[in-house]
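Thanks for coming, everyone. I have one structure to walk through today. Please look at the screen.

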Amino acid sequence: MGQTIHLNTTRMQCIGAYLAQPAGKPKGGIVVVQEIFGVNAHIRSVADRLAAAGYTAIAPSVFDHLETGLEMDYDSASATRGKALVTELGLDRALEDVASAAESIASAGKIGVIGFCWGGTVAMLSAIRLGLPAVSYYGARNLPFLGEKPAAPVMFHFGELDKSIPPEAVAKHREMLPQMEVFTYPADHAFNRDVGPQYHEASAKLAWERTMAFFDKQLAAA
């Protein structure tokens, strides 16, 4: 369904992106922000699912700033490398890429953002600083930014068994952003990723239904 394209960025560096188009007229556009493992098969499948639901979806390959075409598996060595890469990349540059990706699909209509893990924090910041409605899945780096006022709605999904995001951290989201929807599930971190042991089908299905309802309200109905 999708294809790899070149995406211009604000730093005059062209990066790759995975673009998935719906069959008919788009209901809107959604930028998909990767985990720490690059725009791999799972992230591409998320974009394809969004396109099947009627949205133009684009997943910018933000790691291309550091290493072109990087895709990683979910082993411990890849996790260590991915953490180092996102630290080197920084959130500001990732947000610039989200803005560039959103601009590239502006013809689709209103644009939103969805992100997972590290990308979940980038998604939240996209609502805060870019004014793009966003869905944040298990963003473990959210806490330092909860004091900033979002310029667009955010929906949060967390796993109750996720040791990287303890219950008090989830409670902080509800305390600091009471106007936003915060959902928890009987699942671990990365429960939406359907290619590993942390996948929790019931939680992933319910979170996805809520995510689609959010985008249909914020983008398609706008």
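Helices here are DSSP runs of H or I with at least four residues, strands are runs of E with at least two, and both are numbered from the N terminus.

A word on the source. This is a predicted model, where local features need pLDDT of at least 70, side-chain atom pairs count only at pLDDT 80 or more, and totals for chains, interfaces and linings use all residues. Residues are numbered from 1 along each chain as its sequence is written, and side-chain values use heavy atoms, with hydrogens and water left out.

Back to His42. Is His42 buried or exposed? It is buried, because its relative accessible area is 5%. Buried means under 20% relative accessible area, with a 1.4 Å probe and protein chains only. And what does His42 touch, beyond residues up to four places away in sequence? Glu35, Tyr74, Asn192, Arg193, Asp194 and Val195. Contact means heavy atoms within 4.5 Å.

Next, Asn40. This residue is in the loop between strand E3 (29-33) and H1. Asn40 is buried, with a relative accessible area of 5%. Setting aside neighbours within four places in sequence, Asn40 contacts Glu71, Met72 and Tyr74. Tyr74 is also on the list for His42. Asn40 and Gly139 are 99 residues apart in sequence, and their C-alpha atoms are 19 Å apart in space.

Now zoom out. The protein chain has six helices and eight strands. The order along the sequence is β-β-β-α-β-α-α-β-α-β-β-α-β-α. The C-alpha trace spans about 40 × 40 × 35 Å along its principal axes. Of the 222 residues, 55% are buried. Among contacts with a separation of 6 or more, 66% join residues 24 or more positions apart.

What about the core? The largest nonpolar core has 79 residues. Such a core is a set of buried Ala, Val, Leu, Ile, Met, Phe, Trp, Tyr and Cys residues joined through side-chain atoms within 4.5 Å. Those with the most contacts inside it include Val31, Leu50, Trp118 and Phe215. In soluble globular proteins, nonpolar side chains tend to be buried together.

Last stop, Trp118. Leaving out residues up to four places away in sequence, Trp118 touches several residues, among them Val33, Glu35, Val62, Leu89 and Arg141. Glu35 is one of the residues that His42 touches, too.

Note on methods: Buried < 20%, exposed > 50% of the residue type's maximum accessible area, 1.4 Å probe, protein only.
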